[in-house]
Amino acid sequence: MTWADMWPASGYRPHVSTRKRIMVAILSGASLAATSPPLSLWWLHWVVFVPLLLSMEPGNTRGNMRLAYLCGVAALCTNFSWLAETILIYSNLPLPLAIVAVLLYGIVFGLPWALGFSAAPALRN
């Protein structure tokens with residue numbers, strides 16, 4: 001097998017299990033937290049989405065939307081985890097409800113990620 005055979009543009013797509021694709025989506029989203037303070041690894045922002053984009057399958061729009069949604073929820077929940085602390089300080093909500101509020105925030109605002117990234121395999125062609 002040559003390098004040209006393994007290149008994604010050649011049409012060769014190794015079989016990747018659904019479980020691995022889900023883990024890649026969650027890890028891609030969660031690794032966005034490293035691009036924000038206090039780590040501020042800003043250069044990592046350009047490569048975080050590459051595994052997610054490579055794990056998407058052409059012609060599987062619904063599956064790609066689910067992967068992108070999981071990535072968005074993981075990204076928003078990790079990047080906005082400080083909201084739970086803010087809710088604790090400025091309201092009377094206990095910690096479990098503050099965490100639920102952050103999860104709801106990620107669930108709602110993860111939808112645009114699903115719409116945006118689901119178009120990626122079609123744009124790759």
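Is Met 56 buried or exposed? Met 56 is buried, with a relative accessible area of 0%, where buried stands for under 20% relative accessible area, exposed for over 50% and partly exposed for anything in between (1.4 Å probe, protein chains only). The structure is a predicted model, so local features were taken only at pLDDT of at least 70 and side-chain atom pairs only at pLDDT 80 or more, while totals for chains, interfaces and linings use all residues. Residues are numbered from 1 along each chain as its sequence is written, and side-chain values use heavy atoms, with hydrogens and water left out.

Read along the sequence, the pattern is simply α-α-α-α-α-α-α-α. Of the 125 residues, 28% count as buried. The protein exposes about 8400 Å², and carbon and sulfur atoms supply 72% of that area, as worked out by the Shrake-Rupley method with a 1.4 Å probe, where for residues only the protein chains shown count as cover. Looking at contacts (heavy atoms within 4.5 Å) between residues at least 6 apart in sequence, 69% join residues at least 24 apart.

Next comes the core. A nonpolar core is taken as a set of buried Ala, Val, Leu, Ile, Met, Phe, Trp, Tyr and Cys residues joined through side-chain atoms within 4.5 Å. The largest one has 16 residues, and those touching the most other members are Leu 32, Phe 49, Leu 52, Met 56, Cys 71, Trp 113 and Phe 117. Helices α4 (61-79) and α7 (111-117) each supply at least two residues of this core, with the largest share, 5 residues, coming from α4. Met 56 itself sits in the loop between α3 and α4. Its C-alpha is 9.5 Å from that of Ala 25, although Met 56 and Ala 25 are 31 residues apart in sequence.

Helix α4 deserves a look of its own. It has 19 residues and reaches 26 Å from its first C-alpha to its last, close to the 27 Å expected at 1.5 Å a residue; the expected span is 1.5 Å times one less than the number of residues. The buried residues of α4 are Gly 63, Asn 64, Leu 67, Ala 68, Cys 71, Gly 72, Val 73, Ala 74, Ala 75, Leu 76 and Cys 77. Cys 71 has a relative accessible area of 0%. Leaving out residues up to four places away in sequence, Cys 71 touches Ala 25, Ser 28, Gly 29, Phe 49, Leu 52 and Trp 113. Cys 77 also counts as buried, at 15% relative accessibility. The structure holds 0 disulfides, a disulfide being a pair of cysteine sulfur atoms within 2.5 Å. Asn 64, also in α4, is buried with a relative accessible area of 1%. With residues up to four places away again set aside, Asn 64 touches Arg 21, Met 56, Glu 57, Ser 118 and Pro 121.

What about helix α6? Ala 98, Val 102 and Gly 106 are buried in α6. They cover an arc of only 85 degrees around the axis, so they lie on the same side of α6; the arc is that of the directions from the helix axis to the C-beta atoms. An α-helix has 3.6 residues a turn, so residues three or four places apart point the same way. The buried residues of α6 pack against α4 and α5 (82-90).

The loop between α2 (18-30) and α3 (50-55) is where Ala 34 is found. Ala 34 is buried, at a relative accessible area of 15%, and is in contact with Leu 39, Ser 40, Leu 41 and Leu 44 once neighbours within four places in sequence are left aside. Ala 34 and Thr 78 are 44 residues apart in sequence and 9.4 Å apart in space, C-alpha to C-alpha. Two backbone details turn up in this part of the chain. Most residues other than glycine have a negative phi, and most peptide bonds are trans. Pro 37 and Pro 38, however, are joined by a cis peptide bond, with omega about 10 degrees, and Pro 38 lies in the loop between α2 and α3. Ser 40, in the loop between α2 and α3 too, has a positive phi of about 55 degrees although it is not a glycine. Ser 40 counts as partly exposed, at 36% relative accessibility.

How values were computed: Helix = DSSP H or I, 4+ residues; strand = E, 2+ residues; numbered from the N terminus.
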